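Here's a quick tour of one model, with a look at its strands and its aromatic rings. Have the viewer open as you read.

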Amino acid sequence: MLKIAICDDESTFLDNIEMFVKKYEKERGTQIFLKKYLSGLDLEDSLNLKFDIVFLDINMPGINGMELAKGIRKKDEHTIIMFLTSLKEYVFEGYQVEASGYLTKPISYKRFSSELDRVAKKVLRDSALFISIKNNNDYFNINCCSIYYFDVVNRIINIHTADTTYLCSNKTLQDFEKELDPYLFFRCYNSVIINLMYVESIKGYEISLINGEKMPLSRSKKKDLLKKMSYYLGKYEL
């Protein structure tokens, strides 16, 4: 899930960006928690929510976006800050707060979704580097990039890597689906989640992994998988 805050003193603009976010969420299959703020002071009072990405209008009454960004950066060095502006002269000042980019008004959905793709990858990849599991009294942290696939056998989750298969009894496949990077993992069958890194080919309704194993593919999932693979191969930075 992505936690996003948008701060702008124009309510119509906020509503338009909210529509963009909902469209993006539907197209990408990414869960997004969104909060809108009409003033920098309101957002400043909510920074305890630990947003992943903050879109800030620079030219606002009270505390402006640049001042607010400096406050955010003092408290959290990881939050991604994107400025919303029609004033290009602020670009160089943004380096002081390590801004990840600027969106110049008016903003199209194509431009917004492209920039959100870019920064969302970083957030999701950083947050999904490892998963934690428990099996009886044993705990494991597993590097997500080492996982070939998940499957379910007798209600036990099997997590398959190149060297080991881990058993997990305290989570469901749906739990893992929520935790994993949606740009990297895909639920291709009711009982299977695959890592797109290790897909060698897709023929009919069968997926071949690079280790030679074959995974089933639901008819209803094939179109979405091909779209995900196309996106992964074209844009995902390894």
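## The sheet

In what order do the five strands of the open sheet line up? The order is S10-S9-S8-S12-S11, with antiparallel pairing. Strands here are DSSP E runs of at least two residues and helices are H or I runs of at least four, numbered from the N terminus; two strands pair if DSSP finds at least two bridges between them. S10 (165–168) and S11 (185–189) sit at the edges with a single partner strand each, so one side of each has no neighbour in the sheet. From one strand to the next, the twist averages 20°, using axes fitted to C-alpha atoms and angles from 0 to 180 degrees between N-to-C directions.

Zoom in on S8 (residues 147–153) and S9 (residues 156–161): these antiparallel strands are joined by six bridges. Phenylalanine 150, for one, has isoleucine 159 in S9 as its bridge partner.

A word on ground rules: this is a predicted model, where local features need pLDDT of at least 70 and side-chain atom pairs count only at pLDDT 80 or more, while totals for chains, interfaces and linings use all residues. Residues are numbered from 1 along each chain as its sequence is written, and side-chain values use heavy atoms, leaving out hydrogens and water.

## Aromatic pairs

Searching the whole structure turns up eight aromatic pairs. Rings of Phe, Tyr and Trp (its six-membered ring) pair if their centres lie within 6.5 Å; planes under 30 degrees apart are stacked, over 60 edge-to-face, and the rest tilted.

Take phenylalanine 20 and phenylalanine 112: their ring centres are 5.7 Å apart and their planes are at 40°, so this pair is tilted. Phenylalanine 20 belongs to helix H1 (residues 11–28) and phenylalanine 112 to helix H4 (residues 109–127), so the pair ties together parts 92 residues apart in sequence. Both are buried, meaning under 20% relative accessible area with a 1.4 Å probe and protein chains only (exposed is over 50%, partly exposed in between).

Tyrosine 148 is in strand S8 and tyrosine 198 in the loop between S12 (192–195) and S13 (199–203), 50 residues apart. Tyrosine 148 counts as buried at 11% relative accessibility, as does tyrosine 198 at 12%.

## A cluster and two lysines

Phe20 and Phe112 also share one aromatic cluster with Phe55 and Tyr109. Over the ring of tyrosine 109 sits the charged end of lysine 23, 4.3 Å from the ring centre. The rule for this is NZ of Lys or CZ of Arg within 6 Å of the ring centre and within 35 degrees of the ring normal. Elsewhere, lysine 222 has its charged end over the ring of tyrosine 205, 5.1 Å from the centre.
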